[in-house]
Amino acid sequence: MSRVQLTVVDHPLARARLSRMRDERTDNANFRAALRDLTQMLMYEATRDLAVAEEPIQTPVTGTTGYRVAAPPLIVPVLRAGLGMADTAHRMLPEAQMGFVGLARNEATFEPEAYMASLPESLVDRQVFVLDPMLATGGSLVHCCGLLTARGATSITVLCTLAAPEGLRRLEESGLPLRVFTASVDEGLNDKAYIVPGLGDAGDRQFGAV
Ligand SMILES: O=P(O)(O)OC[C@H]1O[C@H](OP(=O)(O)OP(=O)(O)O)[C@H](O)[C@@H]1O
Ligand SMILES: O=c1cc[nH]c(=O)[nH]1
Ligand SMILES: [Mg+2]
């Protein structure tokens, strides 16, 4: 049985935001705005099973039962492109801690090159939400999630706006226990390992070309 659980969030509003991101006429500011909206929808679905703790609260009228997130999760944006999802995810889970992983794909080998990791030493019993708009070959997410499992994480949820079938296969082959929430599984990769039809380079579309 596969260890990757895939959920495609194809709500009409998610499709509309994703289409705005795909459109080459969308400028950097509007791309970032659509990514924030889509992140909110992906987070909403991905946190559906989050454990809650009950607590007694008093409304202006009477006492009742309130709920709060039981244990603070960890949010991990993959730099650069995941940065555009970080603030929205954190607003939805204000009790979360945030770690960072910096990866840049080598555009000749298509393998990720790591340039930073800032993560808690132990992730035992921590629920982790990884943010990266793009799952292409899967190399970057396998690297990132490997860092997390090496610290003891056993509950990792990946949020990506777009996924390629090749990347999903690579995640499955890695054997990592993951849940993946995406707004679309696209056709595949081109000879430059870009997602087709995709949306181009998600980092450049938000922040400009480097
Ligand atoms: O699945 P993969 O083939 O590894 O590709 C996906 C990676 O490519 C993009 O980052 P990129 O390396 O372009 O860095 P950037 O965010 O700084 O633009 C994207 O944000 C992913 O991290
Ligand atoms: O299509 C792709 C593939 C990798 N990284 C991106 O930003 N876009
Ligand atoms: Mg890039």
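**Figure 1. Shell around ligand 1 in the predicted model.** β6 (100-105) gives the most residues to this shell, three, where a residue is near a molecule if one of its heavy atoms lies within 4 Å of it. Strands (E, at least two residues) and helices (H or I, at least four) are DSSP runs numbered from the N terminus. Of the 16 residues around ligand 1, Arg105, Asp132, Thr137, Gly138 and Ser140 come nearest.

Figure 2. Oxygen atoms of ligand 1 lie 2.5 Å from a side-chain N or O atom of Asp132 and 2.6 Å from one of Ser140. The protein covers 93% of the 510 Å² of accessible area that ligand 1 has on its own (Shrake-Rupley method, 1.4 Å probe).

**Figure 3. Surroundings of ligand 2.** Arg105, Met134, Ala136, Ala193, Tyr194, Ile195, Gly200, Asp201 and Ala202 surround ligand 2. A nitrogen atom of ligand 2 is 2.8 Å from a polar backbone atom of Gly200, and an oxygen atom of ligand 2 is 2.9 Å from a backbone N or O atom of Ala202. Polar contacts are pairs of N or O atoms within 3.5 Å.

**Figure 4. Magnesium ion (ligand 3).** Asp201 coordinates the ion through OD atoms at 2.4 to 2.5 Å; donors are N, O and S atoms within 2.8 Å of the metal (3.2 Å for Na, K and Ca). Asp201 is placed in the loop between β14 (195-196) and α6 (202-207).

Residues are numbered from 1 along each chain as its sequence is written, with chains lettered from A and ligands numbered from 1 in the order written. In this predicted model local features need pLDDT of at least 70, side-chain atom pairs count only at pLDDT 80 or more, and totals for chains, interfaces and linings use all residues, while side-chain values use heavy atoms, without hydrogens and water.

How values were computed: Polar contact = N/O pair within 3.5 Å; in protein donor to acceptor, adjacent residues only side chain to side chain.
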